[in-house]
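Biologist: Before we discuss any details, could you please put the model on the screen?

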Amino acid sequence: MAFEDYTAAELAHVLESIKYRSPEDMATLSMLSERTFGWARRYPQLGMVQDRFSRAAAAQWPRSRSDQTWREVVAASQALAASMRRLGNIRLALCKERAGWGTCNLTLDEEGQCSQHQ
Ligand SMILES: [Zn+2]
């Protein structure tokens, strides 16, 4: 469950459901942060809301989290969900080359090129 095959609308749904999850569910927050970062590489209009979400998620680790950081996670995830929902039922093209750790999975650019595999 790393969300690689999710469409933008499906990821928006997961982001919207964060408010119902545990504030201690860092595994989901980390995966969503990483995956939506990949989307922001391909769709720059997501940049600011994605950055806000990643910062909020990073502040949610046990050493720094509080009621306030959780409220920001919820707010940022709703904002990012709204932007992702506008992209609709599209999937992100990911690099399927083998890499040292498994599959590369970096976001392909508009020409279908990977920054690591040309
Ligand atoms: Zn690659």
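Biologist: Which geometry does the site of the zinc ion have, given its four donor atoms?

Modeller: This is a predicted model, in which local features need pLDDT of at least 70, side-chain atom pairs count only at pLDDT 80 or more, and totals for chains, interfaces and linings use all residues. Residues are numbered from 1 along each chain as its sequence is written, and side-chain values use heavy atoms, with hydrogens and water left out. The protein donors (N, O and S atoms within 2.8 Å of the metal, or 3.2 Å for Na, K and Ca) are C95 (SG), C104 (SG), C114 (SG) and H117 (ND1), at 2.1 to 2.3 Å from the zinc ion. The angles among the four donor atoms are 104 to 113°, and because four donors count as tetrahedral if all angles lie between 85 and 135 degrees, the site is tetrahedral.

Biologist: Is C114 buried or exposed?

Modeller: Buried means under 20% relative accessible area, exposed over 50%, and partly exposed in between, with a 1.4 Å probe and protein chains only. C114 has 2% relative accessibility, so this residue counts as buried.

Biologist: How are α2 and α4 oriented to each other?

Modeller: Helices here are DSSP runs (H or I, at least four residues), numbered from the N terminus, and axes are lines fitted to C-alpha atoms over the stretch in contact, with angles from 0 to 180 degrees between N-to-C directions. Helix α2 (residues 26–42) packs with helix α4 (residues 67–87) at an angle of about 40°, their axes being 13 Å apart. Angles under 35 degrees count as roughly parallel, over 145 as roughly antiparallel, 65 to 115 as roughly perpendicular and the rest as oblique, so α2 and α4 are oblique.

How values were computed
Four donors count as tetrahedral if all angles lie between 85 and 135 degrees; four count as square planar and six as octahedral if opposite donors are over 155 degrees apart and all others between 65 and 115; anything else is irregular. Helices (H or I, at least four residues) and strands (E, at least two) are DSSP runs, numbered from the N terminus.
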